[in-house]
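Let us walk through this model together, one region at a time.

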Amino acid sequence: MIEHREREGPLMKNNPYSLSISKIVTAVIIVVLTGCIIVFFFPNDFFASQSITSIRLFPFAGPKTQENSTKYESSKRSNILIAELKKQLRELRERLRLAEQGKDHIASVKEEKAGPFGTVKALRTNPIVAPDESVNPRLANLLEKIAVKREIIVTLANSNVKEILEIWFTNIKRVGIPNYLVVALDDEIAKFCESNQVPFYKRDPDNGIDTVGKIPNGEAVSSLKFRILREFLQLGYSVLLSDIDIVYLQNPFDHLYRDSDVESMSDGHNNMTAYGYNDVFNDPGMGWSSGVFTRRIFVYNAGFFYIRPTIPSIELLDRVAARLLKEKAWDQVVFNEELFHPSYPGYDGLHAAKRTMDIYLFMNSRVLFKTVRNNANLSKLKPVIIHLNYHRDKLTRMKAVVEYYVNGNQDALKPFPDGTPR
């Protein structure tokens, strides 16, 4: 956990909002102390409230004396003071929360009138963070040379996946995408990239990351990305995170909206499952109200998403990485829980904007093998990428995808069953 906090440190270093936060904390202390002074010098005003409440509740319980009238007026003033103090504390807490999110609403909370019906739109695109090259000067120097418009495709790989990685970068080169980078998790994959003139980045030694990076299990390697990606975002770069079991057919940067913190491909297989649908839960015991509408959506794929360098994006990475350090969980499940769960008692949800990618442009392999290849019209479409996430026989199917879409072999996909046999 000490290492995790150290990586968080640079984000807050020289933070332009730290001074504002300090001012707010000071203001909160002043308000609290003011309240204490009032209580000290006017104790009767506060502690007489119980008896006065009785008088207000039972106005005819006793004679209307001068003493009761004085107590009533004193209590009234006290209640006004208490209400005002509570109001100021609420406003200060809210401003502190906004400052921590990097929004400078400290000086004044500007109120705006709503426009005419149908013209009002909420803020969708959060501001990016100020780049901090001190986080990782070596990586910053590398990205300066490779990234285009401060955007880059990033994948993680070790020596267990050479063949699949070769298909991955061969098709990226064929499409003509210059801004991509392999995070090499061992020396062998670094040499492999160098021999194939593939841009790569080898991290400084890190026992926690290096140990996991050598594990053949793809899920273990996949969980590392949330820790590694943080530095890219702190340096001010938007990242298109990519698993290696992906065939690139077009440049994905030509098909992004860039209006959200996270823009992700879906595991859904049609418009309903990818973009959401109503699912009625039936409880016959409830009689007239037995049917309850629920909202369902298939998960975002944690192996292909575009993430902008914003505070909500970095908070998402921190949340997922922190949970994966503590829990034995699939990174995709945790990724979606943190991205979608709303706030509720005892839990503060993530305030991040999200967008689902077009499932026929950013296509998963279930869509390809169950739907597209069997549909004359859909099979004419040219996807941007195809992710072989639904199948274990990845290498052979990736080769078949290249044969079908690149070399024009219309029979290349026919030998495969819809799914991978158990």
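The buried residues of α14 are Asp331, Gln332, Val334, Phe335, Asn336, Glu338 and Leu339. Helices (H or I, at least four residues) and strands (E, at least two) are DSSP runs numbered from the N terminus.

Before going further, a word on the ground rules. This is a predicted model, in which local features need pLDDT of at least 70 and side-chain atom pairs count only at pLDDT 80 or more, while totals for chains, interfaces and linings use all residues. Residues are numbered from 1 along each chain as its sequence is written, and side-chain values use heavy atoms, with hydrogens and water left out.

Which helix does α14 cross at roughly 135°? The partner is α13 (residues 311-326), whose axis comes within 9 Å of the axis of α14 (residues 331-340). Axes are lines fitted to C-alpha atoms, for helices over the stretch in contact, and angles run from 0 to 180 degrees between N-to-C directions. The two helices are therefore oblique to each other; angles under 35 degrees count as roughly parallel, over 145 as roughly antiparallel, 65 to 115 as roughly perpendicular and the rest as oblique. The crossing of α13 and α14 is right-handed. On the α13 side, the contact (heavy atoms within 4.5 Å) is made by Leu316, Arg319, Val320, Arg323 and Leu324. On the α14 side, Asp331, Val334, Phe335, Glu337, Glu338 and Leu339 take part.

Phe335 also belongs to a core of 40 residues, together with Ile152, Phe226 and Leu235 among others. A nonpolar core is a set of buried Ala, Val, Leu, Ile, Met, Phe, Trp, Tyr and Cys residues joined through side-chain atoms within 4.5 Å. The largest such core has 49 residues, and those with the most contacts inside it are Leu165, Trp168, Tyr248, Phe304 and Leu368. Leaving aside neighbours within four places in sequence, Tyr248 is in contact with residues including Ile153, Trp168, Ile172, Phe304 and Val384.

Leu165 leads us to another helix pair. The axes of α7 (residues 162-175) and α8 (residues 187-195) come within 12 Å and cross at roughly 35°. From α7, Lys162, Leu165, Glu166 and Phe169 make the contact, and from α8, Glu188, Ile189, Phe192 and Cys193. Ile189 is buried, with a relative accessible area of 0%. The C-alpha atoms of Ile189 and Leu165, 24 residues apart along the chain, are separated by 9.6 Å.

Most residues other than glycine have a negative phi. Arg150, in the loop between α6 (137-146) and β1 (151-157), has a positive phi of about 60°, and Arg150 is partly exposed at 34% relative accessible area. Gln197, in the loop between α8 and β3 (200-202), has a positive phi near 55° and counts as exposed at 70% relative accessibility.

Finally, step back to the whole protein. There are 16 helices and twelve strands, and 42% of the 422 residues count as buried. Among contacts with a separation of 6 or more, 72% join residues 24 or more positions apart.

Notes: A crossing is left-handed if the near helix is turned anticlockwise from the far one by less than a right angle, and right-handed if clockwise. Buried means under 20% relative accessible area, exposed over 50%, partly exposed in between (1.4 Å probe, protein chains only).
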